[in-house]
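Please open the structure in your viewer and keep the selection tool at hand. The stops below are meant to be taken in order.

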Amino acid sequence: MPAHLLRRPSLVPAAHRLGVAAAAAWRAGGALSPPLARSSSSQRTCAPSTAGSTSAGSDTSTAETLRALARSRIAAAAPHPPLAPLEDRHARQHTYLRISLTERCNLRCTYCMPAEGLADLTPRAELLTPHELQRLATLFVRQGVDKIRLTGGEPTVRRDIVDVVARLASLRSEGLLQLGMTSNGMLLPRLLPSLAAAGLTHLNISLDTLDPHLFELITRRSGAGVARVLAAAEQSVKLGLTTKLNVVVVRGVNDSKDVLDFVEWARHRDIVVRFIEYMPFDGNKWRPEKLVPYRVLLERIVERFGPLEKVGDTANDTSKHWRVPGSRGTIGFITSMTDHFCGTCNRLRITADGNLKVCLFGNTEVSLRDAMRTGLPLELSGVAQTDGPASDEDLLHIVSAAVKRKHAKHAGMSAPEDLARSANRSMIRIGG
Ligand code: SF4
């Protein structure tokens, strides 16, 4: 047994598992108290004070007061049930893992990267291997993740993409419910049947316009790509995958005619079209005036199509959904900039080079790849000194410590300008 494990008797003790069960029972409405109900601050505000208690002849009330005080002291002395490994300080349980497979892409979208591409891409040997991806995914699924999405770059440019999907799809037996992918659709006509057969269940396709001319301007690739991508979307629906189209809306580029074209297109297909507010990332030249708030788009759509029907949003949903009456498809808005949904955030990210990123806008990362390959020193892991490659328990500790450091929203920033100024990876290196 490695020396570092001998130093620590058990990294996931029974008491911890008990704590997880207690927290789960409480969330399910069981009789146990919520962990935070025992916090010292609640005692400061709630515990009755005996100081200056001079109420004449009130023996009964004094006895009751003392009993209440004793009860609060006993509660304070009882150990707090520890949070589950993927639960943060804000009681958010993380059940959704986004894994980036590559930093490469076969398009050159103007809002994403320079025409010549990125110069300093991570060498292939430093990306996570299929085996490492499977190991990490298994660890997260066993801790309650039931939804995984593969992102990039463009995930389909990885030659082993079908193998990766098959490996992760095998985690259905461990509790995985959804295995999705976000793709620009260019290689999907060739790959979709194999991906569906390997176990892919959900597909988000990125497409910012239905106009071949504008597509060429945005992506710096042939406008013939539009027909290709739309064919892939239709094929995906036929194969039974839950299919969505993602449209990043940029003022002055695709915020009027294109948005209305997409709404019209969705009327006749079982597809969700989602309009995404333009977000700032390193190198994407974001400026406040390029952002189109979703309410503006909503008004534009109502003006053209009349009042919309509200569609129920699911828990942890990042989009707000509506339907044009009589349509087969629905439209959604991802409102990260003007109406953030951090309060229900259940997302964690692993970058293609193996870093765990607990918030899209946060630049604090920890390398799970290095932990798996060589081990991490204390100052990097935050919790454990590993003398060699990390065990699954070591990894779980590293992940848990990072999750506990997660901020309540937007990595602790509030103004869009702060997000734009903060150092972060480019979108293509994060994986969206
Ligand atoms: S900004 Fe961070 S906290 Fe908010 S929803 Fe995105 S990942 Fe979650």
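**The whole chain.** Start with everything shown, and keep in mind that this is a predicted model. The chain holds 16 helices and twelve strands. Of its 432 residues, 39% are buried. Among contacts with a separation of 6 or more, 70% join residues 24 or more positions apart.

**Helix α6.** Select residues 161-169, which form helix α6. Which residues of α6 are buried? They are I161, V164, V165 and L168. These four lie on the same side of α6, because they cover an arc of only 100° around the axis. In general, an α-helix has 3.6 residues a turn, so residues three or four places apart point the same way.

Next pick L179, which sits in strand β3. L179 counts as buried because it has 23 C-beta neighbours inside 10 Å, and the cut-off for buried is 20 or more. Leaving out residues up to four places away in sequence, L179 touches I148, V165, L168, A169, G199, L200 and T201. Draw a distance from L179 to V165: the C-alpha atoms are 8.0 Å apart, while the two residues are 14 apart in sequence.

**The nonpolar core.** Select A137, V247, V249, V273 and L368; within the largest nonpolar core, which has 89 residues, these touch the most other members. Helix α14 (residues 392-404) contributes the most to this core, with six residues. Then centre on V249. Apart from neighbours within four places in sequence, its contacts are N254, D255, V259, F275, I276, E277, Y278, V292 and L297.

**The ligand.** Which residues are around the ligand? Select H340, F341, C342, C345, R347, C359, L360, F361, K409 and H410. This shell is made up of six nonpolar, two polar and two charged residues.

**Two loop residues.** End with a look at backbone angles. Most residues other than glycine have a negative phi. A91, in the loop between α4 (59-77) and β1 (96-100), has a positive phi near 60°. A91 counts as exposed because it has 12 C-beta neighbours inside 10 Å. R220 lies in the loop between α8 (212-219) and α9 (225-238), and its phi is positive too, near 60°. With 14 C-beta neighbours inside 10 Å, R220 counts as partly exposed.

Key: Residues numbered from 1 in each chain as written. Predicted model: local features only at pLDDT ≥ 70, side-chain atom pairs only at ≥ 80, totals over all residues. Core = buried A, V, L, I, M, F, W, Y, C linked by C-beta atoms within 7 Å. Contact = placed C-beta atoms within 7 Å. Arc of directions from axis to C-beta. Near = placed C-beta within 6 Å. Nonpolar A, V, L, I, M, F, W, Y, C, P; charged D, E, K, R; others polar.
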